[in-house]
Amino acid sequence: MAGIAVSTTINGDSVEYLCQPDEPLLDVLRDRLGLTGAKEGCGTGDCGACSVILDDRLVCSCLVLGAEAQGRRIETVEGMAHGETLHPLQQKFLEHAALQCGICTPGFLIAAKDLLAKNPDPSEEEIRFGLAGNLCRCTGYDKIVRAVQDAAHVMKQA
Amino acid sequence: MNFDPRYANRNFASVGTRPIRPDGIDKVTGRARYGADFNMAGQLVGRVLRSPHAHARIRSIDISKAEALPGVKAVVTAKDLPDLTNGDAAMYDILDNSMARAKALYDGHAVAAIAAIDARTARQALKLIEVDYEVLPHVTDVDEAMRHHAPLINDTVFTEGLEEKPVKPSNITKRSQFGHGDVHAGFAQADFIVERSFKTEQTHQGYIEPHACVANVNLDGTAELWVCTQGHFVYRQHCAQLLGLEASKLRVTSSEIGGGFGGKTHVWAEPVALALSRKAGRPVKLVMTRDEVFRASGPTSATSIDVRIGARKDGTITAAEATLRYSSGPYAGSWAEIGAMTAFACYRLDNVKTVGYEVLVNRPKTAAYRAPSAPMAAFAVESAVDELAKEIGIDPVDFRIRNAAQEGTRSSYGPVYGPIGIGPTLEAVKNHPHMKAPLKKNQGRGMACGFWFNFGGQTCVDLNIGMDGSVSLAVGTVDVGGSRASLSLVAAEELGIDYSQLKAIVADTSSLGYNDMTDGSRGTFSSSMATISAARNAIKILRDRAAQMWDIPVDDVVWEQGHAVAKGDNYGNLGKLSLRDIAAKSGTTGGPIAGHSELVADGAGVSFATHICDVEVDPETGATRVIRYTVVQDAGKAVHPTYVEGQYQGGAAQGIGWALNEEYIYGKDGRLQNAGFLDYRIPVCSDLPMIDTQILEIPNPNHPYGVRGVGETSIVPPLAAIANAVSNAAGVRMTHIPMSPPRILAAIEAERG
């Protein structure tokens with residue numbers, strides 16, 4: 001089957017690839033482009049481990065086709081830090097120990113980045129509902145919520 | 001110097017602090033490599049064909065069409081995994097579970113597998129495999145499976161542990177019994193007796209990372225396996241035995257692990273991946289789908305438990321008895337036995353008896369799930385304890401304090417306790433502000449206790465000092481939740497250096513001696529013991545090198561706060577030599593400086609916790625929300641308190657999901673109906689409140705720093721704590737877990753009449 005040629009922007013860089021018509025964006029990122037930060041926890045859009053931002057919208061990349069990325073902008077966890085400087089969310093996740101195994105962390109960071117872009121001053125309840133599409137089995141979410149609260153505080157002051 | 005594991009009270013510089021974990025940066029930048037994040041040149045995609053039947057004889061498998069499909073490089077069935085287990089029944093079960101031989105024993109049981117050039121070809125090829133099944137009667141319920149006329153899952157099983165050897169085969173593989181005293185006499189002394197039957201449904205560990213591996217078998221008989229596992233040395237043993245490889249020629253590297261909770265303690269598809277690679281002559285990557293994880297990895301037991309407890313008017317328990325039936329999937333297990341051991345472990349009892357039955361069912365092979373078997377037993381016992389307190393008219397915390405086990409108590413499963421934390425956790429709960437906070441309408445508060453044994457086991461550590469004085473620590477216990485940070489703290493403490501001077505890694509099976517897997521809450525307990533021992537061995541060498549540099553007897557050199565110091569009246573002008581000073585000269589004083597340790601970490605101190613929970617029950621829908629939760633648990637010594645809190649919170653959250661929502665649902669056809677995160681719903685962020693924690697430190701006398709394992713106990717009390725809270729909120733005693741809205745609503749309506 002012939003591949004579909006796609007031109008897109010990932011973390012600010014122009015990227016071109018060929019993909020199959022039925023190939024999820026997640027597989028393109030992981031298997032064709034080597035961007036393995038997004039994880040496959042379910043493949044059905046239930047766990048959020050594959051979260052990426054597509055044109056300012058939070059999506060599960062397992063539910064988006066690679067071909068749909070044509071002409072659009074994708075943000076992944078690999079693009080969050082700038083040079084040697086971590087994004088405040090990354091820094092606060094480390095400081096609060098908001099990860100144990102860490103498999104859900106890239107998805108949470110992307111979802112939290114999207115949440116804070118839309119709501120820079122979320123309440124605890126807004127954070128909990130804003131991140132309800134991301135599953136974490138290790139932490140009980142307590143330290144994740146605190147890390148996001150702390151990052152929001154830091155980002156407001158910046 | 002012999003290693004002395006006994007507790008020595010000391011002031012800590014590093015232990016007890018909360019630095020950032022050494023693997024943290026990789027995990028927040030997406031660079032950490034998990035099971036599915038590794039690739040090899042020329043690698044194929046492996047996929048597994050699974051039985052749609054709960055119980056079926058496999059008459060034949062025709063793989064010819066699949067083999068003929070272009071792009072298919074290997075197809076394997078049980079014929080490609082000959083029985084090399086030499087009468088080892090447990091290994092045979094693992095072999096049979098990884099690829100069905102005569103019969104498919106559950107919905108999801110592997111029957112064949114394919115390696116192809118890409119996922120699309122592999123999926124196509126799976127459809128071309130023709131399996132001729134003779135469908136057999138099945139049984140998936142633990143109580144049904146014990147009935148006389150139940151379909152037999154394995155007709156060579158005769159119940160072990162009975163006084164007379166049975167003449168007929170049975171689905172009950174084993175009976176076990178624990179206890180002491182005379183329960184009959186004990187119940188005769190009781191003024192109040194509570195007797196109840198309970199059921200708990202099967203749950204899954206729910207790790208977010210599916211099982212994943214890359215297998216590479218070379219033509220010379222050597223092999224490599226990259227895999228997410230809780231125990232790469234154990235995986236090496238299993239795979240080497242099942243594939244007929246020499247263990248030392250199979251190098252297993254543990255990837256970062258995306259959660260395990262017991263579910264990654266033994267092999268599932270890894271032997272199949274190796275068999276595919278061997279047949280294809282190329283590396284094979286095999287990643288389970290979420291559907292496969294639910295259907296074909298190792299969930300916990302479903303249970304059916306009867307409890308009877310009697311007490312005098314003054315609140316003293318006079319007798320306690322339980323019968324526990326645990327499903328183990330289609331293979332023998334010891335899950336009811338563990339449940340029977342833990343059931344009454346929190347209490348000081350003169351008369352106690354527990355009996356466990358291991359029951360075969362047509363469900364996936366049961367695996368460990370965080371303090372395996374204990375939460376279900378605690379649910380039954382702690383529910384009955386609460387009810388008994390209510391009948392006597394005594395506060396449930398006071399009732400438990402009155403009957404709590406103490407140092408010197410003979411436990412219900414046999415051993416006599418050393419210093420333990422059950423009493424202190426109960427006292428802390430009694431005095432906790434949470435217990436005094438007001439409740440609103442439809443809200444109720446519950447509490448419950450939990451016990452877990454903890455485990456030590458075989459452990460090996462290497463500590464290598466570089467010529468620049470930096471220290472690398474190679475451990476063999478897989479880091480499931482921050483243990484590289486805690487072990488670095490321990491090494492820093494012992495050497496007297498800064499945490500930042502160290503880097504800890506998990507070494508592969510060819511680089512370090514054998515280690516048992518990370519289970520039984522042993523990671524930090526056992527590897528810290530070995531790290532302390534290795535550091536002390538390195539210090540011995542450092543002292544020797546300092547003595548050479550100073551040209552004085554080594555006995556006059558002591559190690560203090562990261563420095564060699566000369567002790568004696570004549571050495572006033574020698575000053576101190578830092579670890580860096582000594583390391584810089586190591587090339588001319590005898591070569592590399594390292595400390596090694598190999599030990600069996602005996603003496604894992606038992607662990608106790610008490611939890612408090614507030615719930616709100618909607619009487620119209622039966623929906624229950626946890627609105628406040630507090631965990632109090634003994635850590636012995638919290639090495640990295642933040643990660644200890646994380647273990648407490650995570651276990652509580654898993655327990656909340658189990659208590660209220662999670663369950664395997666089977667249809668009449670014996671097929672799993674909810675094999676996905678949409679229908680098997682684990683708690684999400686908006687389901688939970690903050691989870692408060694209180695760490696108690698009752699030192700473990702068998703560890704130099706007093707450390708106890710902390711990972712598992714936190715999942716033991718929640719089922720009962722929430723059931724007790726629901727009882728207080730809605731006036732109904734829930735006896736079936738999960739307490740899903742329909743079950744609570746039915747109980748409320750039954751209560752109303």
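Me: What is the order of the five strands in the open sheet of chain A, and what is the pairing?
Reply: This is a predicted model. The order is β2-β1-β5-β3-β4 in chain A, and the pairing is mixed. From one strand to the next, the twist averages 40°.

Me: What makes β2 (13-19) and β4 (57-60) of chain A edge strands?
Reply: Each of them pairs on one side only. Pairing here needs at least two bridges between two strands.

Me: How do you know that β1 (residues 4-10) of chain A and β2(A) pair?
Reply: The cut-off is at least two bridges. β1(A) and β2(A) have seven bridges, in the antiparallel sense. They therefore count as paired. One position to look at is A:Thr8, which stands opposite A:Val15 in β2(A).

Me: Which strands does α3(A) lie across, and at what angle to β3(A)?
Reply: α3(A) lies across β3 and β4 of chain A. It runs at about 35° to β3(A).

Me: Why is A:Cys104 called buried?
Reply: The cut-off is 20 or more other C-beta atoms within 10 Å. A:Cys104 has 28 C-beta neighbours inside 10 Å, so A:Cys104 counts as buried.

Me: Where is A:Cys104, and which residues does A:Cys104 touch?
Reply: A:Cys104 sits in the loop between α2 and α3 of chain A. Leaving out residues up to four places away in sequence, A:Cys104 touches A:Ala49, A:Asn134, A:Leu135, A:Cys136 and B:Ile208. A:Gly71 is 33 residues apart from A:Cys104 along the chain, and their C-alpha atoms are separated by 28 Å.

Me: How is chain A divided, and what separates the centres of the two domains?
Reply: Chain A has domain 1 (4-79) and domain 2 (88-157). Over C-alpha atoms, 21 Å separate their centres.

Me: How many residues of domain 1 of chain A are in contact with domain 2 of chain A?
Reply: 13 residues of domain 1 are in contact with eleven residues of domain 2. Contact means C-beta atoms within 7 Å. Strand β3 (residues 51-54) of chain A gives the largest share of the domain 1 side, three residues. By class, that side has eight nonpolar, four polar and one charged residues.

Me: How many residues of chain A are in contact with chain B, and which helices supply them?
Reply: 42 residues of chain A are in contact with 41 residues of chain B. α2 (88-95), α3 (105-118), α4 (124-130) and α5 (142-157) of chain A each supply at least two residues of the chain A side. The largest share, four residues, comes from α2(A). By class, the chain A side has 22 nonpolar, eleven polar and nine charged residues.

Me: What makes strand β3 (residues 72-76) of chain B mostly covered?
Reply: Five of its five residues are buried.

Me: How does the reach of helix α20 (residues 741-752) of chain B compare with the expected value?
Reply: α20(B) has twelve residues and reaches 16 Å from its first C-alpha to its last. That is close to the 16 Å expected at 1.5 Å a residue. Just after α20(B), B:Gly753 takes a positive phi of about 85°.

Key
Residues numbered from 1 in each chain as written. Chains lettered and ligands numbered in written order. Predicted model: local features only at pLDDT ≥ 70, side-chain atom pairs only at ≥ 80, totals over all residues. Contact = placed C-beta atoms within 7 Å. Nonpolar A, V, L, I, M, F, W, Y, C, P; charged D, E, K, R; others polar. Domains from an automatic or database assignment. Axes fitted to C-alpha atoms, helices over the stretch in contact; angles between N-to-C directions. Buried ≥ 20, exposed ≤ 12 C-beta atoms within 10 Å, placed from the backbone. Expected span 1.5 Å × (residues − 1).
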